[in-house]
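Morning, everyone. I have one model to go through today, and I will keep it short.

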Amino acid sequence: MTSHTFKPDMPPPSKVFGPMAWIRQNLFSNWINTLLTLFALYLIWLIVPPLLSWTIFDANWVGTTRADCTKAGACWVFIEQRIGQFMYGYYPQELRWRVDLTVWLAIIGAAPLFIKMMPRKAIYGLSFLVIYPIVAFFLLHGGVFGMTEVATSQWGGLMLTLVIATVGIAGALPLGVILALGRRSDMPAIRVICVTFIEFWRGVPLITVLFMSSVMLPLFLPEGMNFDKLLRALIGVIMFQSAYVAEVVRGGMQAIPKGQYEAAAAMGLGYWRRMGLVILPQALKLVIPGLVNTVIALFKDTSLVIIIGLFDLLNSVKQAAADPNWLGMATEGYVFAALVFWIFCFGMSRYSIHLERKLDTGHKR
Amino acid sequence: MGWYLFDNTQTNLQHRGITSGFGFLENSAGFGIAQHLIPFKESDSYARVFLIGLLNTLLVTFIGVILATLLGFIVGVARLSNNWIVNKLATVYVEVFRNIPPLLQILFWYFAVFLTLPGPRAAHGFLGSFFVSSRGLNMPAAITNDATWPFVISIVLAIVAIVIMTKWANKRFEATGEPFHKFWAGLALFIVIPALCALIFGAPVHWELPELKGFNFVGGWVLIPELLALTLALTVYTAAFIAEIVRSGIKSVSHGQTEAARSLGLRPGPTLRKVIIPQAMRVIIPPLTSQYLNLAKNSSLAAGIGYPEMVSLFAGTVLNQTGQAIEVIAITMSVYLAISISISLLMNWYNKRIALIER
């Protein structure tokens, strides 16, 4: 009896499968594509090798002064020497642990919110949102429990950027939701006021708002009363950003079917319970990605406080680059600042995409 | 409450010796401005300073909108490309530039690029007539002469002729179905009429080349580094957003539309022009408008590098000199509100015209 043995399989044709075929299909499918590929490769060759050699291979990594930067590439020594200023501004050296502690508290405190199985998440989250800002304020500002007071004029660097961004969004969110409710209200007077408010802030650049809060607000106050510079900037940022939040939230409210409003009314709920229990929970869930985008915009906008003389990350870099001991270090400084901003913004935008995918399933049948 | 604020303001203004009202606009300014599109001297009034600031803002916005739209559309289409490497390059561009604050980009271009360029004596030259140095971009200036006006009129005539030709061709196409090469005929009209005019009246302008004399260039036009840094940064930043808008717009047109058009016998070119793009435009226009508005508002970031536009010139220098905080801020804000409202009105009108008409 003969047993039949199959011949071994032939390898797949290299024109259809494998890396060569992939390259053919994706890079050289026709002459236009080939031309584009060559052009793109030329661009990459033009940009990437000089960039790499400047940032890494030819860069100066060790040293303490400008004289240690002997190689042609970037002088990262500058960043290493000034990192304290970039992170904390003029916050006193021996008190910087308080800033670190504040950041760690935020990370540790917020971490349970990202655990799926966490019981009583809402209660925990709300109490965290109420307690943390108070603790953070006293930690950063001091002046109680024997902690030395650090005036806000000494705050700076990345820390100030984060303070403005978080306080800004924390203030703008509730105000924005109220404005959105007002814009959708049945009462004409309230609607007109909210529409005017929103359109006004959306129509002017943030810079003029900051200018206004720094030169006009003092005029309205009684003689001799001095307003904290940071607080003035924060008021401006909150007003400005609340208008954008309001528009995002309004978009979410418009997307809720009319039946939901009618059903809530039919249940005999009053206006606030109708909104608070039925409409807003659905609307806010819909617009979370949009809100994250607003946060990203706000984070980028914090750099504008440079105009009114607050020392955020960008201004610290600008100031350090103007130091006569470190002349010509502007490129390194700005690249570093850009990298920090980029990491935050890119991280948030990825998170927003992740949320969008996660929340998208809710309405699928 | 209102009276309390008003009273405070009154006392504060009195103590600082400032008289309220817009009378200050007629006073003489007494400072020079780096870039002015209309003639300006130090003794001119604050009102004229305001006008120069406004024109400079509009200039940046205008150039920025055009360049950002071009770059944004190219990158947006590149993100949809089947070519893997082009696709990834466009993605990297978008992800890098839209996540860096615009002010940081402006400062980078200004302090780290343009100001570190060599001085005029070692300027990089292109074609022997364009020079890039730390003083900006020097380029040939077009000087008008007697033949300029006929040339401008001939261009207007050419445009009128093209409009008439297009209307006629469309009418004939609808009546008989015979196509007409509108594009080529229009191009021919646009070249031939002005060329004839130039032949008859002579060259419409003569070019004045920049020349290195002493430590700087003399003659020609100069684009100051502040303007270059600002336009470049705003263009690059806004183009990243426009690219995303264009990509999502084109992706929103379902593939069935392409297949239907192809099965009707349309070739790839007309499919794109007559089926895909008109539908994609409906999705693209509204967010594109808000990007234009953002660009106009972001032009105020020039205050960071001292390009003389509305905010840095008027709300900065003029406010510091006169102390008329309320009036100056009010004027500045109303200008931006006016720009915002007019751009959105214009775009709303266009949007309505191309919107889907549902039956």
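This is a predicted model: local features need pLDDT of at least 70, side-chain atom pairs count only at pLDDT 80 or more; totals for chains, interfaces and linings use all residues.

Chain B, then. Its secondary structure amounts to 11 helices and 8 strands. The C-alpha trace of chain B spans about 80 × 60 × 45 Å along its principal axes. Chain B has 359 residues, and 34% of them count as buried. If you take the contacts in chain B between residues at least 6 apart in sequence, 68% of them join residues at least 24 apart.

One helix to look at is α6 of chain B, residues 182–201. From first C-alpha to last, this 20-residue helix reaches 29 Å, close to the 28 Å expected at 1.5 Å a residue. After α6(B) comes G202(B), and the phi of G202(B) is positive, near 90 degrees.

Now the core. Which residues have the most contacts inside the largest nonpolar core? They are L104(B), I106(B) and L230(B), in a core of 143 residues. Helix α7 of chain B, residues 225–252, gives the most to this core, with 15 residues. Chain A takes part as well: the core draws at least three residues from each of its domain 1 and domain 2.

Take I106(B) as an example. Leaving out residues up to four places away in sequence, I106(B) touches A229(B), L230(B), A233(B), L301(B), G304(B) and I305(B). There is also a second, separate core of 6 residues, including F131(B) and F217(B).

Next, the domains. Chain A is divided into domain 1, residues 86–150, and domain 2, residues 154–363. Taken over C-alpha atoms, their centres are separated by 21 Å. The contact between them takes 9 residues from domain 1 and 12 residues from domain 2. On the domain 1 side, helix α3 of chain A, residues 77–88, gives the most, with 3 residues. By class, that side has 8 nonpolar residues, 1 polar and no charged.

Last, the contact between chains A and B. It takes 40 residues from chain A and 40 residues from chain B. On the chain A side, the elements giving two or more residues are α1, α2, α8, α13 and α14 of chain A. The largest share comes from α14(A), with 10 residues. By class, the side of chain A that touches chain B has 29 nonpolar, 8 polar and 3 charged residues.

That is what I have.

Note on methods
Residues are numbered from 1 along each chain as its sequence is written. Chains are lettered from A and ligands numbered from 1 in the order in which they are written. Helices (H or I, at least four residues) and strands (E, at least two) are DSSP runs, numbered from the N terminus. The expected span of a helix is 1.5 Å times one less than its number of residues. A nonpolar core is a set of buried Ala, Val, Leu, Ile, Met, Phe, Trp, Tyr and Cys residues joined through C-beta atoms within 7 Å. A residue is buried if 20 or more other C-beta atoms lie within 10 Å of its own, exposed if 12 or fewer, and partly exposed in between; C-beta atoms are placed from the backbone. Domain bounds come from an automatic or database domain assignment. Two residues are in contact if their C-beta atoms, placed from the backbone, lie within 7 Å. Ala, Val, Leu, Ile, Met, Phe, Trp, Tyr, Cys and Pro count as nonpolar, Asp, Glu, Lys and Arg as charged, and the others, Gly among them, as polar.
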